[in-house]
Amino acid sequence: MKKSKMLMIACAFILMMTACGNSGALSSKKDFTQTTVSIGKKQDVTEYIVEKLDKDYYDADELKQEMEETVADYNAKQDSDSKAVSLKDFDYDAETQVLKARMVYQTYRDYASIHNCDFFVGTISEAGQNGYEWGDLKEVGTQSADEKGSDEDKSEQMVVICSEAVDVEVPGSVWYLSDNASVDASGIVTVGQSDGYSVIIYK
């Protein structure tokens with residue numbers, strides 16, 4: 001899994017630093033083993049960054065500061081004073097060299113903007129209105145005809161569209177996926193590399 005782009009932005013500043021230790025405690029209740037993007041019921045986005053920093057020049061305190069500055073710069077450019085993006089948790093374990101951080105984005109647009117990628121969360125109908133379209137998807141699990149509903153019902157099913165290779169957690173059952181994506185027993189979708197964008201439909 002490639003590094004989170006948010007982390008890569010910060011790491012670019014750290015390359016000449018020396019290593020150091022802990023920097024805050026991670027209070028998130030979720031314990032992912034690799035970077036995962038979690039979609040909330042209100043279409044907010046939480047990014048759980050999990051990365052092994054196996055280079056001696058990474059400085060955890062400097063890395064946290066750079067991430068905070070990136071967030072502050074982004075928020076300052078928004079139209080309102082609300083915090084569009086927040087760094088909620090940051091923890092670096094010097095012994096394992098694993099960094100865990102939790103980034104909260106008020107909307108999918110904020111995630112897409114900071115990561116400079118295609119990223120959308122909404123209904124299938126809304127995706128079409130935003131210019132997204134796709135061909136056949138593979139069916140995941142088993143759904144009855146009643147569960148699938150009519151074509152009109154399907155247009156109101158939820159969809160995540162992303163151009164990154166990343167793990168994704170959705171607040172519902174995954175029904176359809178792009179060919180380059182798979183879902184495990186816990187419901188986490190792993191999206192592979194793609195020339196375009198990948199599609200996750202859930203309800």
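Predicted model: local features only at pLDDT ≥ 70, side-chain atom pairs only at ≥ 80, totals over all residues.
Two salt bridges are present in the structure. In one of them, Asp31 is joined to Lys100, with the closest N and O atoms 2.7 Å apart. Lys100, with a relative accessible area of 24%, is partly exposed.

The other salt bridge is formed by Asp89 and Arg102, whose closest N and O atoms are 2.5 Å apart. Here too, distant parts of the chain are linked: Asp89 is located in strand E3 (residues 85–93) and Arg102 in strand E4, and 13 residues separate them. Asp89 and Arg102 are both buried.

Aromatic contacts were examined next. A pair of aromatic rings is described by the distance of the centres and the angle of the planes. Across the whole structure, six aromatic pairs are found. Among them is the pair of Tyr105 and Tyr111, which is edge-to-face, with 5.1 Å from centre to centre and 75° between the planes. Both Tyr105 and Tyr111 are buried. A further pair, formed by Phe120 and Tyr132, is tilted, with a centre-to-centre distance of 5.6 Å and an angle of 45° between the planes. Phe120 is part of strand E5 (residues 119–123), whereas Tyr132 is part of the loop between helix H4 (124–129) and strand E6 (138–139), so this contact ties together parts that are twelve residues apart in sequence. Phe120 and Tyr132 are each buried. Ring pairs also join these two residues with Tyr108 and Tyr197 in a cluster.

Strand E5, which contains Phe120, is mostly covered, as five of its five residues are buried. E5 pairs with strand E7 (residues 158–162) in the antiparallel sense, over five bridges. In this arrangement, Phe120 stands opposite Ile161 of E7.

Helix H2 (residues 60–76) consists of 17 residues. From its first C-alpha to its last, H2 reaches 24 Å, which is close to the 24 Å expected at 1.5 Å a residue. The buried residues in H2 are Ala60, Leu63, Glu66, Met67, Thr70, Val71, Tyr74 and Asn75.

The backbone angles of two loop residues complete the description. Most residues other than glycine have a negative phi. Gln43, although not a glycine, has a positive phi of about 70°. This residue is located in the loop between E1 and strand E2 (45–52), and its relative accessibility of 25% places Gln43 in the partly exposed class. Gln97 likewise has a positive phi, of about 60°, without being a glycine. The loop between E3 and E4 holds Gln97, which counts as partly exposed at 23% relative accessibility.

Technical notes:
Residues numbered from 1 in each chain as written. Heavy atoms only, no water. Salt bridge = Lys/Arg side-chain N within 4 Å of Asp/Glu carboxyl O. Buried < 20%, exposed > 50% of the residue type's maximum accessible area, 1.4 Å probe, protein only. Helix = DSSP H or I, 4+ residues; strand = E, 2+ residues; numbered from the N terminus. Phe/Tyr/Trp six-rings, centres within 6.5 Å; stacked < 30°, edge-to-face > 60°. Pairing = 2+ DSSP bridges. Expected span 1.5 Å × (residues − 1).
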